[in-house]
Amino acid sequence: QYTHARICSVLEKGKSILQKNSSKKKSLLNEEEKELVKLIHRFPEIVNDAAAQFSPAAIANYVYELAKSYNHFYHKHTIVDKERSDQSLFRLQLSKVTASIIHKSLALLGIESPEKM
């Protein structure tokens with residue numbers, strides 16, 4: 001829940017960059033970004049497996065790992081940087097998708113995802 005609220009705060013700070021939404025350069029992903037992308041990509045598989053096995057614990061473990069990975073990324077890298085708007089745009093979009101998946105995962109578990117704490 002805290003990670004979801006944290007991401008909402010980051011997205012609010014980067015609202016002007018997200019609204020521009022024009023990335024010109026491609027950059028290589030750092031290890032933390034790669035890890036987040038891999039975890040995000042696994043979400044549908046995790047939900048299907050959890051449903052097939054009647055195991056909400058699979059979703060709980062997944063969302064815990066996703067939140068832990070995002071927090072590591074958050075502490076290691078600047079997300080909103082007006083000087084590097086292309087990089088910030090990607091990181092904000094990555095944050096937005098991460099927040100969405102955390103929200104969906106928590107909803108599947110019957111847990112609210114607050115925007116502020």
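Asparagine 71 counts as buried because its relative accessibility is 19%, and the cut-off for buried is under 20%. The model is a predicted one. Asparagine 71 sits in helix α4, and, leaving aside neighbours within four places in sequence, asparagine 71 is in contact with Thr3 and Arg6. Thr3 and Arg6 are themselves among the buried residues of α1.

**Helix α4**
- Helix α4 covers residues 56-76.
- With 21 residues, α4 spans 31 Å between its first and last C-alpha, close to the 30 Å expected at 1.5 Å a residue.
- Its buried residues are Ile59, Tyr62, Val63, Leu66, Ala67, Ser69, Tyr70, Asn71 and Phe73.
- These buried residues of α4 pack against α1, α3 (31-52) and α5.

**Helix α1**
- Helix α1 is made of 12 residues and extends 17 Å from first to last C-alpha, close to the expected 16 Å at 1.5 Å a residue.
- Buried positions in α1 are Thr3, His4, Ala5, Arg6, Ile7, Cys8, Val10 and Leu11.
- The partners against which the buried residues of α1 pack are α2 (15-20), α4 and α5.

**Contact of α1 with α5**
- The axes of α1 (residues 2-13) and α5 (residues 85-108) come within 9 Å and cross at roughly 145°.
- This crossing of α1 and α5 is left-handed.
- From α1, the contact is made by Thr3, His4, Ile7, Val10 and Leu11.
- From α5, the contributing residues are Leu92, Ser95, Lys96, Thr98, Ala99, Ile102 and His103.
- By type, the residues of this contact between α1 and α5 comprise 6 nonpolar, 5 polar and 1 charged.

**Aromatic pairs**
- The count of aromatic pairs comes to 3.
- One of them joins phenylalanine 43 and tyrosine 62, with a tilted geometry of 5.8 Å centre to centre and 35° between the planes.
- That pair links distant parts of the chain, with phenylalanine 43 in helix α3 and tyrosine 62 in helix α4, 19 residues apart.
- Both phenylalanine 43 and tyrosine 62 are buried.
- Tyr70, Phe73 and Tyr74 are linked into a cluster by ring pairs.

How values were computed: Residues numbered from 1 in each chain as written. Predicted model: local features only at pLDDT ≥ 70, side-chain atom pairs only at ≥ 80, totals over all residues. Heavy atoms only, no water. Axes fitted to C-alpha atoms, helices over the stretch in contact; angles between N-to-C directions. Helix = DSSP H or I, 4+ residues; strand = E, 2+ residues; numbered from the N terminus. Left-handed = near helix turned anticlockwise from the far one by under 90°. Contact = heavy atoms within 4.5 Å. Nonpolar A, V, L, I, M, F, W, Y, C, P; charged D, E, K, R; others polar. Expected span 1.5 Å × (residues − 1). Buried < 20%, exposed > 50% of the residue type's maximum accessible area, 1.4 Å probe, protein only. Phe/Tyr/Trp six-rings, centres within 6.5 Å; stacked < 30°, edge-to-face > 60°.
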